[in-house]
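Please keep the sequence and the model open while reading.

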Amino acid sequence: MAPILSISDLSKTYDTGFQALKTVSLEIEKGEIFALLGPNGAGKTTLISIVCGIVNASSGTVTVDGNDIVRDYRAARSLIGLVPQELTTDAFESVWATVSFSRGLFGKPKAPEIVEKVLRDLSLWDKKDSKLVTLSGGMKRRVLIAKALAHEPRVLFLDEPTAGVDVELRRDMWRVIRELRDTGVTIILTTHYIEEAEEMADRVGVINKGEIVLVEEKAELMRKLGRKQLALHLAVPLAAVPDGLSAHNLELSDDGEELIYTYDTTGERTGITTLLQDLNATGIRFRDLQTRQSSLEEIFVNLVRTPS
Amino acid sequence: MNIHAIKAIYRFEMARTGRTLFQSIVSPVISTSLYFVVFGAAIGSRIAEVDGVSYGAFIVPGLIMLSLLTQSVSNASFGIYFPRFTGTIYEVLSAPVSYLEIVIAYVGAAATKAIIVGLIILATAALFVPLEIQHPGWMLLFLLLTAVTFSLLGFIIGIWADNFEKLQFVPMLIITPLAFLGGSFYSISMLPPFWQKVTLFNPVVYLISGFRWSFYGQADVGVGVSLAMTLLFLGLCLAVIWWIFRTGYRLKS
């Protein structure tokens, strides 16, 4: 299947000389939720801004469903909806007026029934006559999503969609995003919340210092990079790891009550059987054991810490 | 052509006028009425006729032009500056609209508002002084061309300005003095010969002269020259806007 968004060798150097993107290439499949993770200043917003036409690229090409964003900008942009990071709204417009404005701006004729559906889906219907200045931050975020959806885009960019949004609203927004994906909309979101990517994304891309460090299926990423740990709760605390177990690269907790064994789930042998045999041989008894997998957050932190 | 986008921006801008009705419409009418009270009735009655026209009637085209220029510039500059200031410009930049469509929408709305104000002032003036319009077609043409040209200038200022002070700077310190010194309240033939020549470097002279000719059939400079100068200034503004969009100046990084 042809990708709906194709980015090739995209680079951006600002007038200040700051190189925000260094030959980035990326393909997004139709209908997926793609999470772009990266620390502050990594180039996430610059990348989105170039695709949406707000920032000019220094070099490289971007196509949206085969339409070049410069040459065929009308066709490309009419397929895209953008929810910006900042809560930028007009103060004195009503919710209904501002969402209708966005639909017209993107070249679509008036369609009150579509605007109504978008507002209802985002639980904004009872606020349709409210002035934007009277809305809370979370509600304004919903209005921005409604504006981005008003022209029925096929690709939706969400730049930090749940920044500053309370937990309940965040879960509500995740539901909305999933429902959108179910209607065939491709979703690309940038986020600081690893939990968000872990919860939502089909694929994850990590960007750091203007370069895509990694693009992977989320499940595959977790499997590949996910280290698993086996924690053994000892019956009698130890002062140090016994010499007989030194081959296993164990860590002892500060209180000496827990031995932690880290292993690779993808390896042919995890070494657990040998470890348990050696524990038995050295006479170390344990009360309980548990395993835990690295979260995406740990994976992410490890990736961006590594010099690229 | 993305007609829906032009309509959306145009309506949005006109709705803003509706919300600020007092500032947009009522305030220029009040200030113009004050001009008539002061210059038309109080002082004007002591001033002799100018080229066979009573002074009160003589200043009408100049007063309309004065308002038209300042309204066009301030409407258009504010219209494009404010979304830049609040950040909502992202939506216009990311929409499938051409630069031409953006200019038509913003400048069209600003010019419409200025023309409405101009016509209201004309109607207000008719309450104070007897008016005649010898060439109504030309009057409307000058009204339209001037409103569009100075709305284009306002659009440029709104993109150039990066703070509110700069936004006010050009209308206050350039447009208003040029309009006052461009023959709003006098015929340039009243000036000493040297200043008559200097005045010809003021582009507003040609606008006011042409506009006054459409009312009373008399002008400081030929109506053809007035029209040519207006069109020249219009072309100049269009060229600057073309450059702005081509380079993304102050709009795109």
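Which side chains meet in a salt bridge at 2.8 Å, N to O? They are those of R19(B) and E93(A). A salt bridge here is a side-chain nitrogen of Lys or Arg within 4 Å of a carboxyl oxygen of Asp or Glu. By that rule, the interface of chain B and chain A has three salt bridges.

This is a predicted model, in which local features need pLDDT of at least 70 and side-chain atom pairs count only at pLDDT 80 or more, while totals for chains, interfaces and linings use all residues. Residues are numbered from 1 along each chain as its sequence is written, chains are lettered from A and ligands numbered from 1 in the order in which they are written, and side-chain values use heavy atoms, with hydrogens and water left out.

Chain A puts 29 residues into the contact and chain B puts in 24, where contact means heavy atoms within 4.5 Å. About 2500 Å² is buried between the two chains, and carbon and sulfur atoms give 57% of that area. Buried area is the accessible area (1.4 Å probe) that two parts lose on being put together, summed over both.

On the side of chain B that touches chain A, α1(B) supplies the largest share, seven residues. Helices are DSSP runs (H or I, at least four residues), numbered from the N terminus.

Elsewhere in the description of chain B comes a nonpolar surface patch of V37(B), V38(B), I43(B), I47(B), L127(B) and F128(B), with about 530 Å² of accessible area together. Patch residues have over 30% relative accessible area and no salt bridge, and nonpolar side chains (Val, Leu, Ile, Met, Phe, Trp, Tyr) are joined within 5 Å. Accessible areas come from the Shrake-Rupley method with a 1.4 Å probe; for residues, only the protein chains shown count as cover. α2 (21–43) and α5 (99–128) of chain B each give two or more residues to the patch. The largest share, three residues, comes from α2(B), whereas F128(B) lies in helix α5 of chain B.

Conventions
Patches are made of residues with over 30% relative accessible area and no salt bridge: like charges are joined within 9 Å, nonpolar side chains (Val, Leu, Ile, Met, Phe, Trp, Tyr) within 5 Å.
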